[in-house]
Structures are given as structure tokens and as C-alpha cells.
Amino acid sequence: MMSTVFSAVVVSIGYTLLGWDFAALLEANRHMVKEFELDTGPSIEGITVAVSAFGAIVITIFSGSLLDWLGRRAILVHSSLLLLLGGFLMLWSPNIYILLLARLIVGSGSGLVFTCVPIYISETSPPNMRGLLGTMPQFMFFVGTIFSYCLIFWLTLMSSPKWRIMIGAIFAPSIVYLALLVYYLPESPRWLVSEGKISEARVCLQWLRGKKHDISGEIGTIVEGVDFISDTAIGTVQGQSLSGLTSSQIWPQNTFYWHLSDPLVDLLGSIHETMSETITGSRRNSFFPVFNSFYFPEHEHRDDNSDQQTREVYSAGEANNGDGLRTSLLSQTANVEVNDTNTSFTSEGSSSYLRRHGTQEFMASLHDHDIEEEDEETGGMALPHQPAYRYMENTRRHPSRYRILRLSETADMKSKWRVLLQPGTRHALCYGILIQALQQSAGISVLLRYTPEILKQVGVVSLFSDIGLSPHSTSILISALNALLMLPCITAAMLLMDVCGRRALILATTPILILSLSVMSLSTLLDTRSLECAILFHLALTICFCSYVVGLGPIPNILCSEIFPTKARATCMSFCSLSFWFGGLLSSYCFPVMLSTIGLGGACGIYALVCCIPLFLVYYRIPETRSLNLELIAGIFKLSRQPPYLQ
């Protein structure tokens, strides 16, 4: 998986540039005020931050459509070009207007990076490494912050610090970022499959996984997942209607998916463990057989004829420019006779659908109204735990055991905007938007940005007055040390993300975050001039940052890149990114106001209360997603919101 890790590191360089700009902007604002003679005018700090956020918000509005139109790799290349151009303009910036234009361009590039990088990593990472690699951007963000603080500290030792170098230095790493993206980064296989370029997707996936890795099962999973339609009215059903099935046959009430609609999702840990072991094993998924076709064991026993058929399927896929795989999977169903009468049917909560352009046929085994008790040896079980091509072969051998569901062209060409209105996607989008907004409203990012100023206010810089540094340089140095201390914590989060899970980490670290914010609030209410209070505040601030980077910092991005279906992932992620930027704007605007009215202690107390909201949201509403395929995660949210007639 070295190629997969390399690709994640390459795209995460964009977050290094974001971290550099994040730390350097506030310091550069201090020095550009005098040069542009803005002492009596509007705050240059507010202007530069607002312009950057405006550029990020505007580009984020269109980022979902751009990602679906041009692809993940192309958008990443464009983001590097924007950061490169913005860095060059900031290095030059002869007047305030060029500077604001540069900030607008950098903000646009930052918006694309923030939206696209988590999507790319989630779509290219295997399930057992997706949490680790999904935390990589957070790690690289603080790497960029540390380098930025080091450069700023060196410049503050000069008599006249060059603020253009502070913010324009991203020009150099942007060149490296652009070169790596252009020459070494493959396209996302899932996006290629969604565009019908299956042979190209196989090539990219094979490069990501390694030449010796068997990707046949994974590419089949992606094909089925991309073509999964959960809220489409099917024109006709040739065969038995699902309306006669009982709820226990379609949706066992003791399953993980049934309880997902219940607020007490914290009780599902053991169920999730059993489910993960079941779906990755060689036997059928006893929790929900609909998703058995989503998993393809690499070492599944197959006879010689099946192996030969596998080679023929994928060789045909390469020869037909990507359409061969889909054609091979569907060609065996073309001549199946339709004998039963028409019956209306709605497909939410049923199964995945393999589609082509125009009217298509999908094989669903609904034998004698029994989905779960079908004998496995007959080959007629509902969506069996076997590759799709073998499933199609079973339908040819035992046509009487299967029914045919026809998809109309209208259903096949359903707009991605209608996907957002599906119950499962709609609820996942609400959770994603809420958790991203709450992450920013918690105020930790503002505390990170204003760390040098906060340390000077509480008197921590006086601890280093004997080494001959100015208070401002000392605050920059302490901020760099704090950022350096966070790297081991982020490394621990990377290692634990796929072991403990997202829910466990955020539920364990958020109470620590709340406690540290409360201690910071109480310490500022005491005598701020005392050495003990300064040490207590700095210790609580460090614990606050460390707990944040393990839980509430990286996990919202990881969750938002996992819980949406492929067709709507880019659009939904753009909405989540918008809530992130709006939440950041609100927090940046309110923090100075709170400092002037209720003080630093009151602001920390409010942030502690806000952090309680994502804690309860994750506890009651967010399921565990570790070690699950993206297609299965999206299906969980879809099938957790069944219509009444299927419950």
C-alpha cells in the first residue's frame, strides 16, 4: 500500500500550505498596517481574513459541481495553481489592492483544498487504513504551522521584519505541490467508475494497491456502489412484489441498521464488531444480506471455470475502454424471459442496482418470500456473498429463482440533486453540516490563531524574560513549541483511528477538551499576574490543543468524507465545507467582541459549553464507520430511513 500512502501524503501537502498561511497571516497583519497607513482606517486584520474567507466560500459553492465535472485530481491541480499564484502576488503586493487580490486567490485555493483532499483520501484508501490516512491532512497542517512559526520567529529577530516573506513563502512549496500532483498523482478510481471509465479505474486502483494485489473484488464493489440507487421509483417489476414481505424478512429488528435510526447508537459497539467480523469473513452477512454483494473475499474458493471467466471479464473490460466490465456483468441477463404481470415497486432499502445507459435489468433473488433462509448451496440466495459476475452466472443457471427489476431511463439519469433529497443522504448531510459548524464554533481554531496574543495577555511570556527575547518573539517561540507538541498527539490519533474508531476517540477526547477549557476560564478569573495562574493556563491550553487534534479536529472531516454516496459525495462535502467556513467566520468575528466584553475567561467558558453539543451529537446520532467500505457506510444511512411500508 505504499502508493496509497504516497498519494495521501502528496495531496496532504495542500494542508501544509493551509497551516503555513493560517499561522503567518496574523503576524503579517501587524507589520503591513504601518506600510499601507491603515492605522486610522478599517482593521487590516479583519479585511484580509474576510477576503480570504469570501474567496473560500465562493469557490466552495461551486466545488461540488467542479469535482464531479473535472474530477478530483484536476481540482487539486487547479488548487495548487491558485496557491502558487496567490503566493507570488503576496510576495510582490506593491499596494493594498494587489494584496487583497492575492488573499482572494489564496482563499479560493484553500477552499478547494479543504473540500477535495478528504474526498480524494477517502475514495482511494482501503477501509482498514482510511482513518489513518484521513488524519494525515491534520498532521501536515501542523507541520506547515510549525515551519511558519519558525520562519516568523527568525524574522522577528530582525529590526524590520519582512511581512511579505511571511505570507508569500508558500510560493516555493506550491511549486513542489503542483509538480507532484501533475506527475505522480492518479485519479480517484471511484470518480472514474462514476464516469463509466472502468478500465482506467482499474489501472489507477492497481497502482494504488500495488501490482501484486488482487483488486477484482474491490473494483466490483466500487461498480456496484456507484450504481446503487436507493430512492428511485422503478417502472415495473416482473415477479413477486416486495409489498407482501414482512418487516422481519426485509429488515431484521435486531440488526445494527435497524437501531441506527434509534438515538441510542452508543449501544451498538458490540454489534458493529460482530458485523465487521461477519462481513469480512467467508460466510454470509447475517445482519443484513442486502450488503453481502458489497464484499468480495480475495481468497474465495472458485473453480477453474470461474477463474477463467474472471480473466475473460476483466480482459474484456480493458479491451472495450472501460465499458467491458459493465457489459460483461449484464450481458448474461439480456435474454431472460419476462412472464409475470406488472407490479409497482419502490426500491429504497432493497439492493444495489447495476445500470447501463438506457433501460437496464437487475437481478434480485426473491424466492418464496424468503431472503435470509435461502440455501447457499443452490446459488439462489439473496445477493449472495460472491462476485457479481458469478451472481449473474447463477441467474442464468437458475432463472426460476430470480426476478427481474427494470430501471427506466428516468431512474438511470436521476440528477445528483435528487440524491440529496433521499432520506438517508439528507440526514447524513444534516449531521455533516452540523458537526462541521460545531467544530468551528467551538473556537479552538481561533485560540490556535491567537495563541501568541493570548500568551502575552495571560503573562506566560514573562517566564522566558531572562533569555533576552522580546515578549512578542517569546510568544511566537512558545506557539511553535505548542504546535510541535501536537505532532505526537496527531500521530497517536492516526494510529488509533482505525483501531478504536471515530466515535470512541471523539467521545473520549471531547470531555477532556471541555474540562481544559473550563480550567482556562477559571484560571483567568483569578489573579492573572500570578505565576501559578499563568502556568495553569498554559498547561490547560496545551491539553486543550492536544485533545482537539486527536478528536474534534480531524474526525469531522473524516466522517464527512465517508458518510455520503459516491454520486453525491462532492456536492454534500461542499455543503459541509460551507458550514465550516461560515462557522469559522462567525467564530473569528465573535472572539474579539467577547474579549472586549466578557474577557478571555468568559470566551473559554462559552466554548466549553459549545463543545458539549458535538459530544451529544456523536453520542446519539453518529454511527461507527471504521473498517467499513464507503459504499456500505452510505447504504447504512440510506437503509436506516425506510418508508413505512417496508418496516
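This is a predicted model: local features need pLDDT of at least 70, side-chain atom pairs count only at pLDDT 80 or more; totals for chains, interfaces and linings use all residues.
## A buried glutamine

Leaving aside residues up to four places away in sequence, Gln 440 touches Ser 445, Phe 580, Gly 583, Gly 584 and Ser 587. Gln 440 belongs to helix H20, which covers residues 423-441. Is Gln 440 buried or exposed? Its relative accessibility is 6%, and because buried means under 20%, Gln 440 counts as buried.

## The chain as a whole

Stepping back, the chain has 647 residues, and 61% of them are buried. Its secondary structure consists of 29 helices and four strands.

Contacts across the sequence are worth a look too. Taking the contacts between residues at least 6 apart in sequence, 82% join residues at least 24 apart.

The largest nonpolar core contains 139 residues. Which residues have the most contacts inside it? They are Leu 76, Phe 142, Ile 444, Leu 517, Met 520 and Phe 591. To follow one of these, look at Phe 591: with residues up to four places away in sequence not counted, Phe 591 touches Val 446, Leu 447, Tyr 450, Ile 454, Leu 600, Ala 603 and Tyr 607.

Another core lies apart from the largest one and has 12 residues, including Val 193, Cys 204, Ile 222 and Val 226.

## Helices H24 and H28

Now find helix H24 (residues 502-525) and helix H28 (residues 599-621), whose axes come within 8 Å and cross at roughly 165 degrees. An angle over 145 degrees counts as roughly antiparallel, and H24 and H28 are therefore roughly antiparallel to each other. Their crossing is left-handed.

On the H24 side, the residues making the contact include Arg 503, Leu 517 and Met 520, while those of H28 include Leu 600, Tyr 607 and Cys 611. Sorted by type, the residues of this contact are 16 nonpolar, seven polar and one charged.

## Helices H6 and H23

A second pair to explore is helix H6 (residues 136-156) with helix H23 (residues 471-496), which pack at an angle of about 160 degrees with their axes 9 Å apart. H6 and H23 are therefore roughly antiparallel to each other, and H6 passes H23 in a left-handed crossing. What kinds of residues make up the contact of H6 with H23? They divide into 17 nonpolar and seven polar, with no charged residues.

Technical notes. Residues are numbered from 1 along each chain as its sequence is written. Side-chain values use heavy atoms; hydrogens and water are left out. Axes are lines fitted to C-alpha atoms, for helices over the stretch in contact, and angles run from 0 to 180 degrees between N-to-C directions. Helices (H or I, at least four residues) and strands (E, at least two) are DSSP runs, numbered from the N terminus. Angles under 35 degrees count as roughly parallel, over 145 as roughly antiparallel, 65 to 115 as roughly perpendicular and the rest as oblique. A crossing is left-handed if the near helix is turned anticlockwise from the far one by less than a right angle, and right-handed if clockwise. Contact means heavy atoms within 4.5 Å. Ala, Val, Leu, Ile, Met, Phe, Trp, Tyr, Cys and Pro count as nonpolar, Asp, Glu, Lys and Arg as charged, and the others, Gly among them, as polar. A nonpolar core is a set of buried Ala, Val, Leu, Ile, Met, Phe, Trp, Tyr and Cys residues joined through side-chain atoms within 4.5 Å. Buried means under 20% relative accessible area, exposed over 50%, partly exposed in between (1.4 Å probe, protein chains only).
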